[in-house]
Amino acid sequence: MELKGSCHCEKVSFKVLSHTPAPFMQCYCSICRKCQGGGGYAINIMGQYKTLEILTGKEYLKGYQAMKDKKKKELGGNIRYFCSECGSHLYAYDKQWAEWVYPFASAIDTPLPQLDPKTQVYKIMLDSKANWVDVPDPNKEAHAFEAYPDCSLEQWHKDNGQYIE
Ligand SMILES: [Zn+2]
Ligand SMILES: [Zn+2]
């Protein structure tokens, strides 16, 4: 399906095709929390990079490459693109997975599938969550993970009947 997205000030807009538009994976890592702001987690969905088209505001688009390891000054491969005018984060791209682009669910204007929070939503990177965030115990809850989840974004969509050809 085609997903359309934009930043809050509407200077930057884009579209991308996606087989995997369900916003099921809440990431509680420190980068997602700081970069997205305001809450305990961020949600990425996945689109096909070769179909990504910046419709307006290319000149406002900026990329941020976070340190994976601050002590070793090691950069992560993931670059997060955001609007330099209003600060909205739009999508992430990592050339290690060059086929895909990872729009933030918050940037998408096209209605996304609504999921069952009890059985379908995953909570990941709970090892680095903020102490004020209330989340399930990864040892007790099947859909909560200390680090990465037990299946790929694509596999989850297939298993949950959300994959769109
Ligand atoms: Zn903006
Ligand atoms: Zn994260």
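**Briefing: strands, sheets and core of a predicted model**

M25 stands opposite Y122 in β11. This is a predicted model, in which local features need pLDDT of at least 70 and side-chain atom pairs count only at pLDDT 80 or more, while totals for chains, interfaces and linings use all residues. Residues are numbered from 1 along each chain as its sequence is written, and chains are lettered from A and ligands numbered from 1 in the order in which they are written. The protein has 2 helices and 11 strands; helices (H or I, at least four residues) and strands (E, at least two) are DSSP runs, numbered from the N terminus.

**Overall form**

- Along the sequence, the elements of the protein follow the pattern β-β-β-α-β-β-β-β-β-β-β-β-α.
- The radius of gyration is 16 Å, close to the 15 Å that the globule rule gives for 165 residues, so the protein is as compact as a globular protein of that length.
- That radius is taken over C-alpha atoms, and the globule rule is 2.2 Å times the number of residues to the power 0.38.
- Taken along the principal axes, the box filled by the C-alpha atoms is roughly 45 × 40 × 30 Å.
- Of the 165 residues, 30% count as buried. A residue is buried if 20 or more other C-beta atoms lie within 10 Å of its own, exposed if 12 or fewer, and partly exposed in between, with C-beta atoms placed from the backbone.
- Among contacts between residues at least 6 apart in sequence, 57% join residues at least 24 apart. Two residues are in contact if their C-beta atoms, placed from the backbone, lie within 7 Å.

**The three-stranded sheet**

- An open sheet of 3 strands has the order β4-β3-β11, with mixed pairing. Two strands pair if DSSP finds at least two bridges between them.
- β4 and β11 stand at the edges, each with a single partner strand, so one side of each is left without a neighbour in the sheet.
- The pairing of β3 with β11 is parallel, over 3 bridges.

**The five-stranded sheet**

- A further open sheet has 5 strands in the order β5-β10-β9-β8-β7, and its pairing is antiparallel.
- Its edge strands are β5 (47–48) and β7 (61–69), each of which pairs on one side only.
- β5 and β10 run antiparallel and are joined by 2 bridges. Q48 stands opposite W100 in β10, and the bridge partner of G47 in β10 is V101.
- β9 and β10 also pair in the antiparallel sense, over 2 bridges, and A92 has Y102 as its bridge partner in β10.
- A hairpin through 5 residues joins β9 to β10.
- β10 is covered on both faces: W100 and Y102 are buried on one side, and V101 and P103 are buried on the other.

**The nonpolar core**

- The largest nonpolar core has 32 residues, and C27, L90, Y91, Y102 and I124 have the most contacts inside it. Such a core is a set of buried Ala, Val, Leu, Ile, Met, Phe, Trp, Tyr and Cys residues joined through C-beta atoms within 7 Å.
- The elements giving two or more residues to this core are β2 (13–17), β3 (25–27), β4 (42–43), β8 (74–83), β9 (89–94), β10 (100–103) and β11 (122–124).
- In soluble globular proteins, nonpolar side chains tend to be buried together.
- Neighbours within four places in sequence aside, Y91 is in contact with Y81, V101, Y102, P103, F104 and A107.

- E74 is found in strand β8. E74 is exposed, with 9 other C-beta atoms within 10 Å.
- Apart from neighbours within four places in sequence, E74 is in contact with M67, K68 and D69.
- K73 lies in the loop between β7 and β8 and has a positive phi of about 50° although it is not a glycine. K73 counts as exposed, with 8 C-beta neighbours inside 10 Å.
- M125 lies in the loop between β11 and α2 (153–159), and phi of M125, a residue other than glycine, is positive, near 60°. M125 is buried, with 21 other C-beta atoms within 10 Å.
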